[in-house]
Amino acid sequence: MSSHASPRTAERSKARAAARLAAVQALYQHDMEATPIVQLLNEFHNHRLGATIEDAEYAEPEVDFFDDIVKGTHARLEEIDTTIAAKLAKGWSLARLDKAMRAILRAGTYELLARADVPVGTVITEYVDVAHAFFDKREAGFVNGLLDGIAKDVRG
């Protein structure tokens, strides 16, 4: 067995990474503007996913995976927020976190709760990578530690 991913596996991995980043952006937009989920998904499907925005070409995401993260996170938001809040340091609340950070943690927590098909290490690594797109190393470390703690609780 080769230690290198097949081109097909690598493509899927890249498509899922793009789906995660887009899902975090969609959840952030929902948090900022309260855009209805159906409208939000439609906007992303038609104008954002795989598009070139400000000369940056985005990788083609796995659309079904994107939809699952956005819809699933929204549907289970109360459970997800309770799970995250339980891991925050004393005196901290979800409301104190930056909206982009909340979107990252919510999407990552959703995957840990609902996507047993995705290994814990993959979920954590991917959302740490997403955090690097928005924040410095310190915040990415926060994402790592928090999702690791949640994973130990929800996946054993």
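Is F134 buried, partly exposed or exposed? I began my notes with this residue, and I found F134 to be partly exposed, with a relative accessible area of 37%; here buried means under 20% relative accessible area, exposed means over 50%, and partly exposed lies in between, using a 1.4 Å probe and protein chains only.

**Before going on.** I noted that this is a predicted model, in which local features need pLDDT of at least 70 and side-chain atom pairs count only at pLDDT 80 or more, while totals for chains, interfaces and linings use all residues. Residues are numbered from 1 along each chain as its sequence is written, and side-chain values use heavy atoms, with hydrogens and water left out.

**Aromatic rings.** I looked up ring pairs and found two aromatic pairs in the structure. F134 and F135 make a tilted pair, with 6.4 Å from centre to centre and 50° between the planes; rings of Phe, Tyr and Trp (its six-membered ring) pair if their centres lie within 6.5 Å, and planes under 30 degrees apart count as stacked, over 60 as edge-to-face and the rest as tilted. F135 has 16% relative accessibility and counts as buried.

**Charges over rings.** I then found R16 over the face of F65, at 4.0 Å from the ring centre, and R96 over the face of W92, at 3.7 Å from the ring centre. A charge sits over a ring if NZ of Lys or CZ of Arg is within 6 Å of the ring centre and within 35 degrees of the ring normal.

I looked up R20 in helix α1, where helices (H or I, at least four residues) and strands (E, at least two) are DSSP runs numbered from the N terminus. R20 counts as buried, at 2% relative accessibility. Not counting residues up to four places away in sequence, R20 touches residues including F65, E111 and Y127, where contact means heavy atoms within 4.5 Å. With that sequence limit again, Y127 touches R20, I104 and V143, among others.

**Two helices.** I checked how α4 and α5 pack, and noted an angle of about 100° with their axes 10 Å apart; axes are lines fitted to C-alpha atoms, for helices over the stretch in contact, and angles run from 0 to 180 degrees between N-to-C directions. That makes α4 roughly perpendicular to α5, since angles under 35 degrees count as roughly parallel, over 145 as roughly antiparallel, 65 to 115 as roughly perpendicular and the rest as oblique. The contact includes I80 and I84 of α4 and L105 and L113 of α5.
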